[in-house]
Amino acid sequence: MSSTFVGMPAFPEAARAAVDDPTLRANLRHATHTIRAKRARAVAELADWAGLRAAGRRIKDHTLRHLDRYLEQLEASVTGAGGTVHWAADADEANRIVAGLVKETGESEVVKVKSMATQEIGLNEALEAEGIRAYETDLAELIVQLGKDRPSHILVPAIHRNRGEIRDIFAHEMAAWGRPAPENLTDTPADLAEAARLHLREKFLRAKVGISGANFMVAETGTLVVVESEGNGRMCLTLPETLISVVGIEKIVPTWRDLEVFLQTLPRSATAERMNPYTSTWTGTTDEDGPRAFHLVLLDNGRTDALADRVGRQALRCIRCSACLNVCPVYERAGGHAYGSVYPGPIGAILTPQLRGTASEIDASLPYASSLCGACYEVCPVAIDIPEVLVHLRERVVEGGPAVRRGNKVVLRPARGHAAERAAMRAAAWAFGHPSALRTGQRLASRSRRLHPRALPGPGRAWSGTRDLPAVPAEPFRDWWLRTRGGKDAK
Amino acid sequence: MNSRERILGRVRRALADVPPDERPYEEAVPRDYLREHGKRTVEETVELLAENLADYRAIVHRADAEELPLLVMRLLAAHGSQEAVVPPELPPWWTAAADLVRIHDRAADTPQRLDRVGSVVTGCAVAIAETGTVVLDGSPDQGRRRISLVPDHHICVVRVPEQVVASVPQALERLDPTRPLTWISGPSATSDIELDRVEGVHGPRTLEVILLDG
Amino acid sequence: MRVALFLTCVNDALYPETGKAVVKLLTRLGVEVDFPMGQTCCGQAHYNTGYRHEAEPLARRFAEVFGEYEAVVTPSGSCGAMVRELYPRMGERARAEGRGDSLARTLAPVVPRTYELTEFLVDVLGVTDVGAWYPHTVTYHPTCHGLRGLGLGERPHRLLAAVRGLDLVELPGAEECCGFGGTFAVKNAAVSAAMGADKVRNAESTGAEVLCAADNSCLMHIGGTLSRLRAGVRPVHIAEILASTEEDPAL
């Protein structure tokens, strides 16, 4: 994945900094609470939501379980419709393919539709190194690009910015990239949107190469689908002469009909709308309408490693709606940057360690970035059991074991940092297997209870820095039960 | 080994646990969801379309064949458009009353040229009541995708009731996937600032939908 | 009906009053309660921290200790969810690892017979008015495993609403996690504490004297936060409220 995040601190440290940032906390709280309530209303409108969710899950599961067949079918359909299909095993290869295609056109700038796949592979940086300037055209991506910032949300990458901050970024940075922001720009969302419209207009009108991802690819027809709101997607998909779409191999659905599920569940889960303002579908190229050349770059970059994990593969069902981020109490307080990946939040915590592995400190810490409260699973429109995968990945971190990395079978070693915890867990498991030993321990604790502090020194401060410890009772329950014969005797 | 073979090989190895005789697609995917939400008369479905279009800030009008040319004239004049793009087979009588320079949808026109045009008038392929959506499929009464994108004012005529369906599943049944499709639900909008929805970004900032009673 | 109390290791050691309350309540409702002395821990903390293999012997012990009872009642949403949701999954995983059906078969009998306390009262005994008296203003925090894991729904509310003297007030943001999450509370202490502080603020905003939940693990975290922030709200397990009567009131 992108090198942008190399050297990130582990999640707990990064999250601590975010928790202590009052502006960030307020921005995230406001945005996530706004969308939570709206999503709940949009979903409640559909009496058959559970059926749609189950169908979405099964369509994706079936596709993943027969992905080789559907990839070949998709390749044939896209090629038959006039497109060219490329295969990229990893980020470097995808970047090389895209840079090569852009150079063939003789152009030195491209306009981009917001795309997680191109964020993941660090395409903009790779193109820059080849002398090609990539303009992000989604409003939030523009804010991030102009602010020399990193995305912090899948759907709304600038969610960590409030309107005042956005106004300042536009006012100070737009001029360096093209048309400056209007004089006396206010911080009303309508004015900010207008400023983006004016700034990007000239870039859209002169663009010769567009780069996109896709929300869905239909194997039987070779159709690609982009779901968006602003119209920047339509600009990039229809005005340029060449269109290059970089899409993860898991984005396939078998049939045209399958879209009837996702075009209902995605908008309501993402922006809480009955339907997003614009959805574009295209199948290869169309004579005298839109790009004359269409290239599809199918991206693996760790997806087949996730596919090899029977528990973890369900993460590949994800349709990138962000509902799990918006509902997550940890994301709300830690913010997206703490996850050290373009995929933050609950889905990022299960996707990133599968795509990148668990070798780095940040990636090994991600499966623990959750209280397992289950709100993410509840809202997921394709029913990814995120807590189940989190726990599974925790097991991989502490126990190691067989996994697949870049297509090769490997045996992972247990993570070093967990040695003390592992010993404690084993000791506890032993004690719980020997009730008499457990009882002795409980009694010792009760007898010495007046000596127990309400706060702990050393590592125990992780608990008692903010919370008092409960008082140890005079007598554990089991002693009371024995003494009173289950309460039949006096108290 | 090329990357195609490498990736397909990885996929096949990853799926070693999948039995070869697994249930086929038709059986594996239950369709326990509705074809449409609620039972409505044809007129109620049209009313729902109007309501949902308006909910996302499209401006909705109703007209019969007699009223349509005057309505189109009025809307173009109100927008101050002297020029409007028209697709090749837009029924000429729709714009007959308007005192207008008709810019024909031609492949040779540059996006910059289109950007100087105030309005565009199109038909549509289908409209979806439950979501307040009109779908364009590039037919000759709708034109190339870009003509309904670059001008800032889009007038879209929906023939009711025949072009109106209740739901997304019903719309997909009617649409041809080989055509380039544009689904439009209200004017362009964004939720990118504080996840609050505001209308008016890159696409037409004014979407007017005329429900043409047949 | 032979009913076993699965008190949980946390309650046994730290919250014996909750156990006594369950015994008192069920006895009052005519249920004969047994407390098998071989019980220890369901293995939840191990499982959720990534030590599934260490949790397996604990699950086997649970199945042995409780296997002969018609019903196992626990005053803990999370431990109840461990048995009901995760024991079957542990069996499946062992099978997928080529270790046969032994674990799945051992665990299967206790899974459907294990009930969280409010479930047992409402679904098995069919009571919502348990004859309790508790003259306090109470707000209820539906813990994550109770709410989303077991789907307790309105059961706790119905039980509380029937308690004489009790004034039940809604907790804003009730469905949001308190931030405990087992080892999450120490592994991600900053976020956990921030979640706890928000929960406490919401509880205070209700004006309630008592914050009630059906899980002492969450109450340990919320209570520790309440005490540190010197908030005027007390954490009390729902069993202690339901056990309280005019003759023998809870403190």
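**Exercise 1.** Work out how strand 7 and strand 10 of chain A are joined, and in which direction they run.

*Solution.* Start with the pair: strand 7 (residues 242–248) and strand 10 (residues 293–299) of chain A are linked by 7 bridges and run parallel. Strands here are DSSP E runs of at least two residues, helices H or I runs of at least four, both numbered from the N terminus; two strands pair if DSSP finds at least two bridges between them. Next, pick out one position: Thr242(A) sits opposite Ala293(A) of strand 10.

A word on the model: it's predicted, with local features needing pLDDT of at least 70 and side-chain atom pairs pLDDT 80 or more, while totals for chains, interfaces and linings use all residues. Residues count from 1 along each chain as its sequence is written, and chains are lettered from A and ligands numbered from 1 in the order written.

**Exercise 2.** Is helix 12 of chain A enclosed or open?

*Solution.* First, burial: 12 of the 12 residues are buried, so helix 12 is largely enclosed by the rest of the structure. Buried means 20 or more other C-beta atoms within 10 Å of the residue's own, with C-beta atoms placed from the backbone. Among them are Phe262(A), Pro267(A) and Arg268(A). Then look just past the helix: Ala272(A) has a positive phi of about 65 degrees.
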